[in-house]
Structure formats: C-alpha cells, structure tokens
Amino acid sequence: MRAHRIWTCLLAALAVAAAAAVPVYGQGLPVTYERLLNSDKEPGNWLMYSSNYKSWRFSNLNQINTENVKNLHVKWLFQGRHQEKFETTPLVVDGIMYLTRPENDVYALDAETGRMLWTYSHRNPPRTYNCCGKVNRGLAILGDRLFMNTLDMHVIALDAKTGREIWKETIYDYTAAGGYASPGAPLVVKDKLIVGMAGGERGVSGFLSAYDTATGKLLWRFNTIPQPGEPNFGTWAGESWKTGGASTWNNGSYDAETNTLYWGTSNPWPDYNGDFRAGDNLYSCSVLAMDPDTGKLKWHFQFTPHDLHDWDSTQIPILLDGEFRGRARKLLVWANRNGFYYVLDRTNGEFLTAKPFVKQTWNKGFDDKGRPEVIPGNEPTPEGNDSVWPGVDGGANWMSHSYSPLTKLLYVFAREERRTFTKNAVRHPTTGGDDGGGGFDAAAMFRFRRPRFAPEESWGKVIGIDPGTGETKWEHQVVTPPWGGVTSTAGNLVFGGTLEGVVFALDARTGKRLWYFSGNDRVYSSAISYLANGKQLVSIPVGDVLITFGLD
Amino acid sequence: MSKLTKIICCFLVLLAPLWAQGRRAAAQAGAAAPATPAIPDKNPFESPQDVQQGGGLFQTHCSYCHGSFGEGGRGADLTTGNYRRGGTDSELFTTVRNGIPGSEMGPVRASDEEIWKIIGFVKRLGTAERPTDTRKATGDPAAGQIVYEKKGACMSCHRIGEVGGNLGPELSDIGRRRGVTFLEESLLKPEADVPIPYRGIRVVLNSGQTVAGVRLNEDDVSIQLRDTGDNLRSFLKSNIKEIRRDQPALMPAYGSMLNKKELDDLIAYLTSLKGAR
C-alpha cells in the first residue's frame, strides 16, 4: 500500500514535470481584451493584424538582430497550394499560428514546425466580386474565438481550439450593386468586432460595421456616404451618393485612452470620371475617427477631395505620441496613396503638415485645413493621361507600414510609378444601359502611339521617415513597385519582400540590406515575428508558400 | 409502404435540401452570368460599330489593368497578338467572361454581346488593321525574302517558323500584326518602338567586361539575360558595376545598309508573312 502511494506520487510529479517541459496546445487561450490592449507586453505573440492597436507592426523581439541576421535561414514552409495572391497576416498565440489561406480557409499550425493542427473551410460561391483577386488578409482573435470576413460578405466566428464554426452572419448581399466583398481582417475592440467591406470599383455604397463577438449580432453600421438629412449629404451631385463607393476594405487602429477607432475609406465611384459626382464626395478618401461603442463619427479628414485617380485612403492609420514643432501631441501619421505623408492631431483631426514621399505631379500645396491645391492637367482623359505621378496604385497602397519606437522612424515600402489614367465611359455594373461606347472614338485610340512604360521607369523603395517632419532619412531601392509591406523589430531590423520574391532584412537605422533570401515568387503581404519554443522566428508569405525563418 | 418504398422516400427527403441548395447556387450564379448553351466559334459582333463600342467597353472594363491602349501594366500586353489563354474568338470569350482563376483577372461583368464587342476591339489592338495605316506594300516579296536571308541577315536574330535566332521578336505572322508604315519605321529607326522584352541592355561587370543582350529577368540581387551570342547568362548585382539601357535597339538601322528597292522588297516580304493561323 505504501509502495503504491509512493509510485502514485512519483508518477504525478513526473506528469507535472513533463507538462512544464512540453508546451501544451491551447494554454495561451483565452486572449482577453486586456491582453490585446497590452499586446506590446507579449512580444512572443502576434495578437492582431498590425501587432498592436497603434498599428506599429513592430516586434519587440531582438534575438534576431543586426549582428546575427546574416545567419537567418529557412526553418519550415507552409505549402498553401492555392493560386490566389497570398495576402494574409497570421496570428500567433503561445506557439500556435492561425492563418487564412485563399479563398477563405483557416489553418492552425504548430508555430515551431509548421505542422497542421486543424483546418476550417468556408466555401464561397464560384463567382464573388472583390476587385483584385479572391484574397483574404487575416484573422482577429478574442477569448478563444477567431474571426474572419469572407469574399461573399459573411463574418464568421470559429473556436480557436478546434476550428469549429460558432456563428456565421451575413454582412450584406454580396451581389448587390456591382458586388460587395470583405477581403480584409476584422479588428476586435472591447467585445466588438469591426468589419469593413470592399466594392469601390463597382458602384457600391460603403459602410463600416460592428458585431457582437459573443453572438454575431450587428451592433451598429456607419454609412461612409452620408444619407439624406445627415451632415455632409450635399457633397455628391444628384443621385451619385447612392453608388459612390467609399468602402472600408482594410484594417483600422484604436486609441483606448480616448476611446477612438480610426479607419480609412476608399475612392469614390466612378473611379476616373467625376462628371456625375460633382462635390467633395465625403467621406471617400478620408480617415474616420469614431466612437467604437456607438459607431458615431467624431471627426473626419479627407485626404483627396473629389478623387479622380482611385487613390483610396485605406492605408492603416498609425498612432504616435510625439513632439510636433516642440509641442507634445497625439499624432496620427499616414503615408497616403496620393503620394503625400500626412501628420494629423488625432484628438481632433487637425491638419499639421504633409509632404510628398514619392514623385507627384498633381498638387502644389495645402491650405491650412489640409485641402490640396490641385494642379490642372492631371485629370484622366478619354485617350489616357500618362503623365501623372503617382500611378493608379499610388505611392502607398494597402500594404502595412511600420513604426519602431527604438529608432523613432516610420517605415514605408513606397511605389514610384506613373500609369495611364483613362476617363471611362460611365456605365453602372448592373443598372447602366447598353451604350458602353458612350460616344467614345475607338478609331481615335489607334492614332496615338501606345505608351510603353519601361521597367526602370517605375521602382519601389523602403524609406525611413522622420514622423514629425516627413523627411526621408534613408532609402533602400528595389526593382519593382512593391505589393508587400514592412515590419520592424527590436533587433533594429526591417523585414519585407519584393514582387520578385526577394525577402530582405534592412538595418532599421540606415536602410542597409543585411540579409536576403531569393523566394522567387511574389510577396503580397508583410512579415510577422514571434517566439516558438523560446526561439524568435519570422514568417512571410511568398507566392503560395508561407516561409518561416530562424537562426538555429 | 414496402420497405423499399420507405428507403426511397427517406432518400428523396434527404436529397431535397441538397437539391434546393443546388438550385439556389445555380440561381445565384445565373443571376450574375447567364449560362449560354454553346459559345460560337466566330465573333457574331464584329461590325465597325461593334468594334467602336468595344473600344468604349474596353476602357470601362479592361483598361484599368491592360492599359488604355492594351499595352499592359497590371495585366498582360494585349497588343502582341499572342494570348496565353488561347486566341480564338471562343477562347477569348471564355477568358473574358470567366476570368482567369489564380490571377487578378476576374470575370468581366458585362453581357455576352458586350463581351463579343470587347473581343472585336481587343483583336484589333496591335494589328495591321489600324485605320490610319492603309498603305499597300509595293515591293517584290520573293526578292524581299532573299534580302531577308542574305544581305539583311535578319534571321540571325528573328525567327520565322522554326528558322532563325531569338534576340528579336518572332516574325512568322508580322504581316498580320503590323502595317507597312510601322515596318518601314522599324527598319529605318529601330529604336522608335522596341518591345520591352527585346530592348537591349549592357551589363558592365566589376572586371570591366561588358555583356550585351536582352533582359530576361531581374530582381534586386541579380539579372538574367540572353546575350548577343544567344547564350543564357546570369549575374549577381554585387559583381556588376553598371547596367546600361541607353541603346534599346540591338537591331541596326537598315537605311544605310539597304537601298530603296531592297527595303521595299523586304517590307513586301514581311507583309506577306501571315503565320500559320
């Protein structure tokens, strides 16, 4: 009897010891809202799309640093086996990675080995309407639930331990107007899930929604185009407000101190023809500051009034507390698709300064409210205006920027290019008539020598910007305008990848390239960094593969 | 009810929701793109007016990616006459209506008639049927073939069928794609319009050696080219002092090498090349 008891004790002790040595899956859950607020204190995890609510996309890990990054090598691959652009940002919670794969599949992987733990698949109908690929950009997590938006306008809650579907709600009819989609990652604020939508190329009417994370109930919906009777309704001529676009297809940021949600909006529709939508077209191409509890607008700032170049302002807002002209201020900084870097006071939307960060031809300055002084001759023309910088994809696009609190620099993977802007005949995708010609002279097209932009006429560059002044401190040039973003780390590194698949690490202080890997397929996303079994890893999608790098 | 009937009934009851679901899916898909029984082989909408309307529709639906002039950009260059997904009318129709899975090209949300008009326009991009170029070749094609093969030495860089080099564009169907004015200009001023894949570059190595050719590929760390000897080469940029792009045409200007008759004959020969299609 006594011997038996001793054995029992011994076995119990062994079990405890084993549990301490071997990580147990799921022990990192639940991810409380408190943990999300303090995500900077968990550098081993990547708890939300942009790493923290200020959207710094910064990892506080420094095992991999400027000294040893030359030894970085591939640890494991996740084979996506899909044909779409791989735009996801994975989440990592205590050794488990959660990621989306096109179209709307979710995987849980062991972050140390890449081995799959469970998978979930949402089947979209064969035809969905995202403008630019059947993509998904990632998940949000709260408690033990993951949340995903879908191409056919659903929002889904999954059990993070099993991938079991908990609730699924329809956001909107995905076939309405020219078609709606929701390719972005949602954002958790308190107990709410903030969900955006896309469709600005197809005559939709934009909105931002909040759902109850517990039940999936719609809590509020803010129309990004004011409806009759609402303030700023008169900024669209005639009926154009009904199909004005102004979608909300990327991610946002949140300031808990002032309880303010910041979210950017897309171009107005029709993209390149403003004839039928005279006016500023609020709130297109704007940043919205909102009360996340009620969905009420606190203030707005419009970067590009009456946009004609498809210059969405759906970049992710970056929140900084810093000095501006000798005074401590709460700042919102924004490298915009229109080619200008903006500094705003995020408590009231006051315009502080703006400066071009790429070549631009359209704007000669700003009034003191931040309204651009537009230079004539940059409008789209029926035969195609090919002298406008930046191009239709902008100086920046949806790809993430990064801020390092160590170097105090903002990192932007910018695009230098021009492109032909054509004033289209306007025909609504569903309601327009059959006069697609619209008086357009096809023969005239042949009279123009076709423009050809040589590869070296456009390029990409990672720049380190002084956030207070907008001054570029350093630049690392790459061959092609990028579609990937950047991520900075406490190892004083900036990670990113090019359209040719060159994954790189730059010195965050100088921009010097310290390491690269030839991935040889297109990078359409940004890196994340995290710990697996105590070791720092860096993961980035290249082609349809998620590549994970480590030191040993 | 017999046991068998019961089983059949159960089976049907179980199938019913699946059937309804299928109907719903079909209805949804149908709302977006009505199914047509068969795609005609030949474009039924090719009148000049159709092409004109197709040009406008192209601006609305296609120019965002393929450029105002079909020159490409985010999407493929449509002026070459070569279509990776097939160049027959029905293949182009399928590509435009359904999009290309795995690419940025989604289905074009237009009626079948509109898609045909777009295709009518697209097929005229980069072809000789430009309204402004109605010149007829005046030379002797047979004499031109001899100029092509001997004095012009064109085949050292251009291929017709299976014969010739790879440094310049293939000419098997150049007469279908290009008019007299364009061909004349290309012979006299080759630098006027060099297709991007055939622009000459010169790589100056750290050692001082220079390698000329056409660029096949490039990223931040390396560049790949076909050199003028038709060899495939790759260089790390760390070994390169400079990449020069200031002489885009590798082809000589033929104005000083051929007389007027020889040029006219050569143009007549090139115009006669209509390819296998």
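This is a predicted model: local features need pLDDT of at least 70, side-chain atom pairs count only at pLDDT 80 or more; totals for chains, interfaces and linings use all residues.
Q: How does Asp94(A) count by its C-beta neighbours inside 10 Å: buried, exposed or partly exposed?
A: Residues are numbered from 1 along each chain as its sequence is written, while chains are lettered from A and ligands numbered from 1 in the order in which they are written. A residue is buried if 20 or more other C-beta atoms, placed from the backbone, lie within 10 Å of its own, exposed if 12 or fewer do, and partly exposed in between. Asp94(A) has 19 such neighbours inside 10 Å and therefore counts as partly exposed.

Q: What is the phi of Asp94(A), which is not a glycine?
A: Asp94(A) lies in the loop between β3 (91-93) and β4 (96-101) of chain A; helices (H or I, at least four residues) and strands (E, at least two) are DSSP runs, numbered from the N terminus. Although Asp94(A) is not a glycine, its phi is positive, at about 45°.

Q: Is Asn492(A) buried or exposed?
A: Asn492(A) is found in the loop between β29 (487-489) and β30 (493-497) of chain A, and has a positive phi of about 55° although it is not a glycine. Because 21 other C-beta atoms lie within 10 Å of it, Asn492(A) is buried.

Q: What is the average twist from one strand to the next in the open sheet β19-β20-β21-β22 of chain A?
A: The four strands of this sheet have antiparallel pairing, and β19 (318-324) and β22 (351-356) are its edge strands, each pairing on one side only. Axes are lines fitted to C-alpha atoms, for helices over the stretch in contact, and angles run from 0 to 180 degrees between N-to-C directions. From one strand to the next, the twist averages 30°.

Q: Which residue takes a positive phi in the hairpin of β5(A) and β6(A)?
A: Strands β5 (residues 105-110) and β6 (residues 116-121) of chain A run antiparallel and are joined by five bridges. Tyr107(A) has Thr119(A) as its bridge partner in β6(A). The hairpin has five residues between the strands, and a positive phi near 80° is taken by Gly114(A).

Q: Why do the buried residues of α4(B) line one face of the helix?
A: Helix α4 (residues 89-98) of chain B has the buried residues Leu92(B), Phe93(B), Thr95(B) and Val96(B). The arc is that of the directions from the helix axis to the C-beta atoms. Seen down the axis of α4(B), the buried residues line one face because they fall within an arc of 165°.

Q: Which residues is Arg202(B) in contact with, leaving aside its neighbours within four places in sequence?
A: Arg202(B) belongs to strand β3 (residues 200-205) of chain B and is partly exposed, with 16 other C-beta atoms within 10 Å. Two residues are in contact if their C-beta atoms, placed from the backbone, lie within 7 Å. By this criterion, Arg202(B) is in contact with Thr210(B), Ala212(B) and Arg244(B).

Q: Over which residues of chain B does pLDDT stay under 50?
A: Chain B has a mean pLDDT of 82, and 82% of its residues reach 70 or more. The stretch where pLDDT stays under 50, for which the model has 14 contacts beyond four places in sequence, is residues 12-36.

Note on methods: Two strands pair if DSSP finds at least two bridges between them. pLDDT is the predictor's confidence in each residue, from 0 to 100.
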